Protein chains: 2
Amino acid sequence: MPENLSLPDPRRRGFRARSPVDEVVAWIDRRVETLGPQDLSLGDAAGRVLAAGIRAAEPVPPFDRAAMDGFALRGEETFGADAYTPALFRVIGQSRPGRRFGGNVGPGEAVEIATGAPLPASADTVVPVEICKVQGDLVRVVEATPPGRHVSRRGEDIEVGALVLEQRRILRPQDLGALSALGMSVVAVIRRPEVTILVTGDELLPAGTPARGDQIADMNSVMVQALVRRDGGLPRVLGPMADDRERLEEALANAAGSADAVLISGGSSTGPEDHAPGVVASLGTLDVHGVALRPASPTGLGFARGVPVVLLPGHPVSCLCAYDLFAGRIIRKLGGRSVDWPYRAIERSLARKLASSLGRLDYVRVRVVGEKVEPMAIGGASILSSTTRADGFVLVPTDLEGYPAGATVTVWLYDL
Amino acid sequence: MPENLSLPDPRRRGFRARSPVDEVVAWIDRRVETLGPQDLSLGDAAGRVLAAGIRAAEPVPPFDRAAMDGFALRGEETFGADAYTPALFRVIGQSRPGRRFGGNVGPGEAVEIATGAPLPASADTVVPVEICKVQGDLVRVVEATPPGRHVSRRGEDIEVGALVLEQRRILRPQDLGALSALGMSVVAVIRRPEVTILVTGDELLPAGTPARGDQIADMNSVMVQALVRRDGGLPRVLGPMADDRERLEEALANAAGSADAVLISGGSSTGPEDHAPGVVASLGTLDVHGVALRPASPTGLGFARGVPVVLLPGHPVSCLCAYDLFAGRIIRKLGGRSVDWPYRAIERSLARKLASSLGRLDYVRVRVVGEKVEPMAIGGASILSSTTRADGFVLVPTDLEGYPAGATVTVWLYDL
């Protein structure tokens, strides 16, 4: 049974009721499931989400090795050595990284060894070159160096069986180095969500086209595409297409068959040209339509043929707001990432009063000027330049009528 | 003339003097130049660095348009209207997004208009549908709506000639929307630096290969590759190759001819198998060799055939440290990005004493545990797992012998 948090009354224009943002967020967290794994080569895995914890199948390092340049020998034989009574050894060979000294190190014998080289058999310490005096094939050690000193033991870095990386970790560059050391050339990560972005609007020309007559370029596809990528998704843009119910239904049915989520930009409200809500309902369930959120109240959420769908308002600022509040959370959840914003939060005091209305969440673009934050004079949801001039946004909660000047607020910064 | 900040004395093993980190950083800032521009389609430009400021060649919006759903008419005719004496208009047509009402709006006439639709000729205001009563083709307006109300004026969002985005801005998703609205389908961004990563070491197997005999998998290529990508570069890995001077010289000459920077991992110190320093000197200048930095003192910097080269120590932790301090800065500068770290900084107090040595900068891996930061017990530069277990690092400046327990230090977090 669909959970209808809020649907418009078909008898009248506009929304009967608007769902509170926190209920919509809870709906997302309850209904959207993280995708399964795929194998990736290490070179492609940075920034991806680990599908399962990694335990070491191999020890690192795989053999005892020198941690310094010097001489490998039996440490006991240096006891009592000092500058006046050095311990004397005969150098019988070399151990280099990748080319171990093959023989045994007997009493009174030493092997020249480079950092990282395997420790030869029967040697148990490395005397650093700095406390040796070398003459021909003789080496004098002027300081006691007990067994084990300057030796990096097999498994010292990573023991067999150790949990090296936890499930759901975002793989860092150095994690790939550790996986390589464990002999792993591929790693299982959560699959990237494939996200189809359907753009509708009779007035829209392809993105980047100069305005012509009454038509303007689609702005949302390039913006949403970049947001989806930032959140770990693989976007595919379809459109702009005309506001035509049959074509939209066909496009959504196709998209739902091949994508992990569908975002529809435009036609999301309750007017006669707003076909997206009905199309979602006919292919599945429209669980939310109308949200107590400014400037993105004509937002919808549901499922079409089992795939989550978000209806994003066509106005660019509303579209960004609805993406930030809902669509991004879905993409991140699908991809196994933290549902929290990737935006950095800072605290600042308001340079002037910020008015809002009770009963809805306000998404307010702001500028950060020194230690103060200034709400931007906003001309409406169509003022895209407000989001390029803004440094970030402030949310005014549903139960507040705004904030007075001087109040400390959290600013979410657009620059990550 | 090369600026030799520090070169090893050829007569003895080890470095004669080590360059202070801040001098090396200043050398980078002085000697590395940002690359030129390339054109990119909007869909590929998110996160890239704008090559030149963007001024608007077109106004946004390109025509006056409705900011609300309602009726377009002459606002003056609504003056004095209220619920008892509504102003009466005859609806003569519709204006929809992309399909303007073609006629003129005369006295006593109104055009039904949707948000975003062009305002018809001679109309100057939009009366929201909420304050209208519609009966057949008649509409009664119950509130005065002065000219200009609910109209989004041509150029209101972005005026022709306005500076929309500044040079060197990292393009945000919403910036791409604004560029699209300006009719731009391509944008000039700074070219991504092409970075060749040469990995050398007789002991190295390809990354991800299980250890075999005395040989171990190369770890640095996958790590450095991911770091270069994170900093906006396009990495290409060559190797692992044997420690062979002639082959390395040939590889570096080729790389310098086709890349914007070269990073050589391994063979960076002063031992007999450390060919990288000599090879750089023979193909250009080795300007720095040996840095007062732990755990990455065997780091080198120079130019080969005009291209910056960094010699990274082969030990993974030292390699990461040298990348963080120097190579990353070069990649970011080449790509026109801020030279500062992408790492987030937090302040925490030390859970215990952190010892260091005067005269060198220490790069100390730490864990953040609640409000405290714990220096990790480090077994040496080869302990790669210390960087996967660490949450970030603390730098101990050259002129300090460490920090006492309880001191507040800056932690640079590995997770961005």
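Two strands pair if DSSP finds at least two bridges between them; helices (H or I, at least four residues) and strands (E, at least two) are DSSP runs, numbered from the N terminus. This is a predicted model, in which local features need pLDDT of at least 70, side-chain atom pairs count only at pLDDT 80 or more, and totals for chains, interfaces and linings use all residues. Residues are numbered from 1 along each chain as its sequence is written, while chains are lettered from A and ligands numbered from 1 in the order in which they are written.

In chain A, six strands form an open sheet with mixed pairing, in the order S16-S13-S17-S21-S20-S18. S16 and S18 of chain A are its edge strands, each pairing on one side only. From one strand to the next, the twist averages 20°. S20 and S21 of chain A run antiparallel and are joined by five bridges. A:Leu301 stands opposite A:Val310 in S21(A).

| Strand of chain A | Residues |
|---|---|
| S16 | 234-241 |
| S18 | 284-289 |
| S20 | 300-304 |
| S21 | 307-312 |

Helix H5 (residues 276-283) of chain A lies across S13, S17, S18, S20 and S21 of chain A, at about 140° to S18(A). Such angles run from 0 to 180 degrees between N-to-C directions, with axes fitted as lines to C-alpha atoms, for helices over the stretch in contact. Contact means that C-beta atoms, placed from the backbone, lie within 7 Å.

Helix H3 (residues 220-230) of chain A has nine of its 11 residues buried (20 or more other C-beta atoms within 10 Å of a residue's own, placed from the backbone). Among them are A:Val222 and A:Leu227. The cover includes S13, S16, S17, S21 and H6 of chain A, together with helix H2 (173-181) of chain B. Just after H3(A), A:Gly232 takes a positive phi of about 95°.

Terms used:
Two residues are in contact if their C-beta atoms, placed from the backbone, lie within 7 Å. A residue is buried if 20 or more other C-beta atoms lie within 10 Å of its own, exposed if 12 or fewer, and partly exposed in between; C-beta atoms are placed from the backbone.
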